[in-house]
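Dear colleague,

Please find below the structure that I am handing over to you. My notes on it follow directly after.

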Amino acid sequence: MNSTENKMERYAILGFPLEHSVSPKIHNRAFNDYGMNAHYGRKAIHPDEFDQVIPRLKKEDWRGFNVTIPFKERILPFLDWIEETAKAIGAVNTIKVENGRWLGFNTDWSGFLRPIQEELPEFRRCLVLGAGGAARAVTFALVKEVKPEVLMIANRTKKRADALANELRKFGTCEIKTATPDSLEKTGVQPFDLIVNTTSVGMGDLKDQLVVEPAHFAHANTLIYDLVYKPPLTLFLQHAQHAGLRTINGFPMLIYQAEEAFKIWTGKPYLPETLKALLQELGLEQGSGG
Ligand code: ATR
């Protein structure tokens with residue numbers, strides 16, 4: 001007889017703040033649709049208490065976690081093993097607990113690629129705006145899977161773009177260039193086939209700002225991809241649509257990185273009806289226009 005057979009499996013998201021996180025809604029729907037005895041909650045941890053709270057959590061009975069801002073890098077020293085891709089990106093957003101060991105993964109990079117999977121060979125020239133944590137996952141995905149001819153990283157702080165470019169050169173053979181948004185035009189590399197905004201410009205207090213004018217660096221078939229999903233239609237995407245360009249917001253990536261995490265925990269993909277409902281219903285609920 002196994003006393004753990006009917007025990008509820010516990011999962012949670014670790015971050016701060018977490019009031020607006022939709023991850024519980026996403027994963028609980030998937031657990032529910034499968035009829036699994038599992039629950040996904042929120043574990044908001046004040047950044048000052050992170051180093052004390054994590055060792056305590058490691059003694060408790062958890063099956064897995066997602067890790068979000070501002071802890072994707074701070075979690076690394078607490079993990080017992082880190083998968084190669086996550087190590088290369090330098091950030092973990094998914095933890096699987098196996099026999100008490102915390103195993104770290106990154107599903108942001110594959111989540112980013114899933115909505116554009118069919119088009120990957122067409123992206124020969126890519127522009128990534130930003131050089132922070134999100135840009136690391138995106139540029140890593142591009143270098144590893146898309147292998148464009150040219151990858152341009154444009155960041156306000158050029159030093160940060162240069163440092164990221166240097167790291168990426170170890171993982172691929174594509175030409176990697178850097179610029180600031182202001183100097184981008186002078187590089188003469190445009191037009192790009194794919195332009196991705198990974199910065200926080202377009203959300204919160206920065207909702208009325210643009211890093212660059214998308215149409216300036218695009219051709220008629222360029223895909224404009226903004227990782228922001230709140231608001232669903234950023235100023236960047238509004239300008240792109242106004243210029244007749246194709247757009248995608250960060251909402252599908254949010255769902256797909258969650259599904260990749262679910263696969264790591266359970267070995268199963270989301271049920272087709274779960275995926276459909278999440279992409280449609282939750283997308284609409286968020287007011288998705290992308
Ligand atoms: P994340 O993990 O979400 O990527 P981050 O590591 O803090 O967060 O990175 C934020 C990114 O947005 C950076 O590329 C940042 O540019 P800097 O490296 O110059 O700071 C960019 N960013 C934030 N605010 C910006 C602004 N007002 N204009 C242009 N870029 C901005």
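How do the residues of the shell around the ligand divide into nonpolar, polar and charged? Four of them are nonpolar, eight are polar and two are charged. Please bear in mind throughout that this is a predicted model.

The ligand site

The ligand is surrounded by 14 residues. The closest are A131, N155, R156, T157 and R160. In the side chain of T157, an N or O atom is 2.4 Å from a ligand oxygen, and a polar atom in the side chain of R160 lies 2.8 Å from an oxygen atom of the ligand. With G133 the backbone is involved: one of its N or O atoms is 3.1 Å from a ligand oxygen. The protein buries 72% of the 650 Å² that the ligand exposes when taken alone.

Helix 8 and H239

Helix 8 comprises residues 235-242. Its buried residues include F236, L237 and A240. These three lie on the same side of helix 8, because they cover an arc of only 90° around the axis. The buried residues of the helix pack against four strands: strand 7 (125-129), strand 10 (192-197), strand 11 (218-226) and strand 12 (246-248). After helix 8 comes G244, which has a positive phi, near 80°.

H239 belongs to this helix as well. Is H239 buried or partly exposed? Its relative accessible area is 28%, so H239 is partly exposed. Leaving aside residues up to four places away in sequence, H239 touches L210, E213 and P214. With E213 there is a polar contact between the two side chains, at 2.9 Å. By contrast, R29 is 210 residues from H239 in sequence, and the C-alpha atoms of the two are 34 Å apart in space.

Strand 4 and I82

Strand 4 consists of residues 81-82 and contains I82. I82 counts as buried because its relative accessibility is 16%, and buried means under 20%. Which residues does I82 touch, not counting those up to four places away in sequence? They are L76, K87, V92 and G104. I26, for its part, is 56 residues from I82 in sequence and 25 Å from it in space, C-alpha to C-alpha.

With kind regards

Conventions. Residues are numbered from 1 along each chain as its sequence is written. This is a predicted model: local features need pLDDT of at least 70, side-chain atom pairs count only at pLDDT 80 or more; totals for chains, interfaces and linings use all residues. Side-chain values use heavy atoms; hydrogens and water are left out. A residue is near a molecule or strand if one of its heavy atoms lies within 4 Å of it. A polar contact is a pair of N or O atoms within 3.5 Å; within protein, one must be able to donate a hydrogen and the other to accept it, and residues adjacent in sequence count only if both atoms are side-chain atoms. Accessible areas come from the Shrake-Rupley method with a 1.4 Å probe; for residues, only the protein chains shown count as cover. Ala, Val, Leu, Ile, Met, Phe, Trp, Tyr, Cys and Pro count as nonpolar, Asp, Glu, Lys and Arg as charged, and the others, Gly among them, as polar. Helices (H or I, at least four residues) and strands (E, at least two) are DSSP runs, numbered from the N terminus. Buried means under 20% relative accessible area, exposed over 50%, partly exposed in between (1.4 Å probe, protein chains only). Contact means heavy atoms within 4.5 Å. The arc is that of the directions from the helix axis to the C-beta atoms.
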